[in-house]
Amino acid sequence: MSRILSDKTPKYYLNASGEFIIENYNFSKPFADFFPGIAGKFGIPMWVFFVNRGQAIASFGTKDKDRSILEFFPANKAWQFVSLQGFRTFIKVLTGKRTILYEPFHNGFANLQYNLRNEMSITSYDLKIKENNLTLGLEVEVEYFTIPDDSYAALARILTIRNVGSATKKIQILDGLPQIVPFGTSNLFLKKLGRTIEAWMNVENLDKGVPFYKLDVDPTDRPEVIHIKEGNFYLGFHYDGILPKIIRPVVDPQNIFGPVTDFSCPRKFLSFKNFHHPTEEFIKSKTPCGMALLTFELNKNSQKEVFSLVGYMRSKDALNSSLTRIIKPGYLNQKKEENRKIIKALQEDINTKSSSRAFDLYAEQTYLDNVMRGGYPIIFKQPLNANKVNDGALTNSVFYLYSRKHGDLERDYNKFQIQPTYFSQGNGNYRDMNQNRRCSVWFNPDIQDDNIITFFNFLQSDGFNPLVVKGISFMLKDTDKFQSALKKLFKKEGFLKVVEFLNKPFTPGEIIIFLKENKIKLRASFDDFLNTLIPLCIRNQEAEHGEGFWTDHWTYNLDSLESYLALYPEKLKEIIFLKKAFTFYDNTEIVKPREQKYILKDGKIRQLHAVVSDNIKREMIRKRTILPHVARTQFGQGEIYQTTLINKLLCILVNKLASLDPSGMGIEMEADKPNWFDALNGLPALFGSSICETFELKRLLVFIKESLDKTRVGNLNITEEIHDFLINLDSLIQEYLNSHSQDKDYQYWDNSYYLKEGYRHKTRLGFSGKEIEMTTDALMPILLRAIEKVDIGISKAKDKKEHIYYPYFINEAIEHKTISPSHVKPTKFSQIKLPLFLESQMHALRLSDNGTDARAIYRATKACRLYDKKLKMYKVTESLKNMPEEIGRCRVFSPGWLEHESIWLHMEYKYLLELLKQGLHKEFFEDFRNALIPFQDPE
């Protein structure tokens, strides 16, 4: 017994096929992972999370957590629950009068008598677990993958039991899930009203042997009763020769576990040598299960396969009409191969051949992760006769598949969403999507400037942007004008139905499902139909405000611009100065002026509740029928305001140049949120600021200046309000540069803030629509003075002795005057520097003018406390223990946990990238193998 208990050392390696293998995975360090949730253009995606415990699958479902089939739990709970609440396989070996119970992949007391060896095999597209019971002479293997390119979503599971012993074995199994969440059960009900919601639960379709799990009606407490048509299902089957046979599962867990409600012991299954399907099952008002019962004999060296799918169907009729083709021999193997090909085709974009197999596979996986975060572009190309239809005005339309917000088990706070439809797309945060698409144009050059237009158009007149980027929807522009293009594809009656559907916003997946459900036949393929339709539509990239405004989101647009211009340098003049494809996002949320957000709290001056919903704006936007969140002329009452990119760049410039802190160093966190380092969530209340965005402001200034130099544009038409803001700011900068006052930083802060508040008040509902002509010769000295002003602030953030930059600052208000019973105006600040962060060194490297300066930054960073000498890696921050807890949650984290003194990979990678871009090749490769994941010891 002691040998069996002790001999479980895990082992990690890549096999010849590129699969990552973990031997004795139940005893390895716990981790959480997920399937890509990609089902192809014409598939319904499913999210699936797994861990290295039990039978691995911890939770799965469709769309979001509110449509779970196996309940969502965060990582720490998943590690605890998966062995009991996840997939289970109970095996009874019947030998004479003796019955032996064995549960593969489980580490409970019942298995201590067996000599077991197991392993987990992980790829980008599937998961396998295998266990060898040397005592019983049985080998059990389970393979998981999701179903692609079909009208439903499902997790496929293939259980294989092999007799590797010396004698024939009679075996009875129960295999499946001890609990399945019926469709319509939200995550809120599961977590807070788990007992109450059982009253709505029901299981249908048992006469077909394929249970359909759903609530009878929507449980929301409201007058209208809404019946639920959709449902989750469990389908188990096997083959008798080549004949498929559906296995009717047990759906009442009490018939398996009896009074043992924790699922630890299948007492009723054990009570009978030949357990039979129960004659009576309670299928209402309890959480059901789905476990297939099968009895069979296994000769020596033979095996038995049991197939199951657990998933979602749009209706019970859709389920039953699909059964014949699903259980047909070869179907699952075909879908398994299709799933592999879809994922491998995406990864082919970054197919890498180096001396390291691990690095090559890592490149593929990280690219796939980028696709999941940023989406994969496809282009709906205008038809050949498009000019005849719309006078040459049509353009190709880029559409991103597969994107979603990260929502893995260790980031349980994120509300991920994957649309359960064809051409699936999901929600994502602006920063995440933007930075994950920065290199898209290099992999897919045909998208050209689409990302630049998309993300710049989300920027508002105040320089901020909504947080949540949702999917793209379309709406037909003009039914009468485009009839000639669409009529060719349908019969008359079908055409009228389609036009009615297209007069409302739709997605490509929704229109295809509409055609299928209404049995409208096309005279073309779905792809040809969409290529004809989509370029004739208005495209609406939807978004939601979310919460607050981050200070760094705009900076990723500069990355996209650089990527685009590196590939299309000849288009600099067109994209910056000529193309009038740019608009401003119109948000219902606005940043309060200082007099409304600076308060006295517990004797201390704080900046709180800085963002508020503007009811007048909300009502104005609500009344719009076309692109409601796009800013208009005539201060909101005119046409959509379209302009050039230079106007958007100058809009960012003036807003950020007027947001320097009272010391002239960092960009203020003026709108409730910090930058990407979210764990400094308390810093905005402390009038926090960041030098990182000041570096980016200089980068913007230099970019505009160099663009003017390269293109030699003579005159610019600048948005009237932005022009006036810029001219007035320049006057303040000139005063600053000529002043010898010790108070000049505060004076610039105060006066520039007044200008910003005046501009924002004027443009709150929109722009006038007028543009003012300005010469390059007039703009250039303004830019140079702004660069000089910014450089002064950056130099003050530098530790001259250590040649390193402080990133964040508390600007403590030490004197004030009262302007109302609850609000104050600070009249004097004292600045406190936060400890070192890797982020500021990365930005400093990015703007280094020469190799000598860059090398000095590198050496200083490696010599300071940001470099972990033991790990030979770079920490995201040094110790914060001497900082007040008010700076944010990172202060209370233990060192090495989350964002406190941990190795934050994406920032470390960005730092290494800047080394490479600065030509520090020796230094880069010195750190390369120590920092990158594929070269780490799995232990």
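**Helix pairs**

Axes, as I use them here, are lines fitted to C-alpha atoms, for helices over the stretch in contact, and angles run from 0 to 180 degrees between N-to-C directions. I take helices (H or I, at least four residues) and strands (E, at least two) as DSSP runs, numbered from the N terminus.

Before going on, I note that this is a predicted model, where local features need pLDDT of at least 70, side-chain atom pairs count only at pLDDT 80 or more, and totals for chains, interfaces and linings use all residues. Residues are numbered from 1 along each chain as its sequence is written, and side-chain values use heavy atoms, with hydrogens and water left out.

I began with two packed helices, which are described by the angle between their axes and the distance between the axes. I looked up helix H27 (residues 851-863) and helix H29 (residues 921-931): their axes come within 11 Å and cross at roughly 30°. That makes H27 roughly parallel to H29; angles under 35 degrees count as roughly parallel, over 145 as roughly antiparallel, 65 to 115 as roughly perpendicular and the rest as oblique. The crossing of H27 with H29 is left-handed (the near helix is turned anticlockwise from the far one by less than a right angle; clockwise would be right-handed).

Which residues of H27 and H29 make the contact? From H27 I list Arg-855, Tyr-858 and Lys-862, and from H29 Glu-923, Glu-926 and Asp-927. Contact means heavy atoms within 4.5 Å. Sorted by class, I get one nonpolar, no polar and five charged residues for H27 with H29. In this sorting, Ala, Val, Leu, Ile, Met, Phe, Trp, Tyr, Cys and Pro count as nonpolar, Asp, Glu, Lys and Arg as charged, and the others, Gly among them, as polar.

Next I turned to helix H15 (residues 508-517) and helix H16 (residues 526-533), whose axes come within 11 Å and cross at roughly 125°. That makes H15 oblique to H16, and the crossing is right-handed. On the H15 side I find Pro-508, Ile-511, Ile-512, Leu-515 and Lys-516 in the contact, and on the H16 side Phe-526, Phe-529 and Leu-530. The residues of this H15 and H16 contact divide into seven nonpolar, no polar and one charged.

**Strands**

I moved on to strand E15 (residues 212-215). Phe-212 and Lys-214 point one way from E15, Tyr-213 and Leu-215 point the other way, and all are buried (under 20% relative accessible area; exposed is over 50% and partly exposed in between, with a 1.4 Å probe and protein chains only). In a regular strand the side chains alternate between the two faces of the sheet.

What does E15 pair with? Strand E14 (residues 201-204) and E15 pair in the antiparallel sense over four bridges, with Glu-204 opposite Phe-212. E15 also pairs with strand E16 (residues 231-240), antiparallel over two bridges, and here Tyr-213 stands opposite Asn-232. Two strands pair if DSSP finds at least two bridges between them.

I then traced an open sheet of four strands in the order E30-E31-E36-E37, with antiparallel pairing. Strand E30 (667-668) and strand E37 (824-833) stand at the edges, each with a single partner strand, so one side of each has no neighbour in the sheet. Two bridges join E30 to strand E31 (residues 689-690), and the two run antiparallel. Glu-668 has Ser-689 of E31 as its bridge partner. Across E30 and E37 lies helix H24 (residues 744-762), running at about 130° to E37.

**Single residues**

I checked a few positions one by one. His-723 is found in helix H23 (residues 720-738). Is His-723 buried or exposed? I read His-723 as buried, with a relative accessible area of 13%. Not counting residues up to four places away in sequence, His-723 touches Ile-718, Ile-772 and Met-774.

Val-702 has its place in helix H22 (residues 691-711) and counts as partly exposed at 26% relative accessibility. Val-702 and Leu-783 are 81 residues apart in sequence and 8.1 Å apart in space, C-alpha to C-alpha.

Asn-24 is not a glycine, although its phi is positive, about 55°. Asn-24 is found in the loop between strand E2 (20-23) and strand E3 (32-34), and is buried, with a relative accessible area of 9%. Leu-898, a residue other than glycine, has a positive phi near 50°. I place Leu-898 in the loop between strand E39 (873-874) and helix H28 (905-917), partly exposed at 37% relative accessibility.
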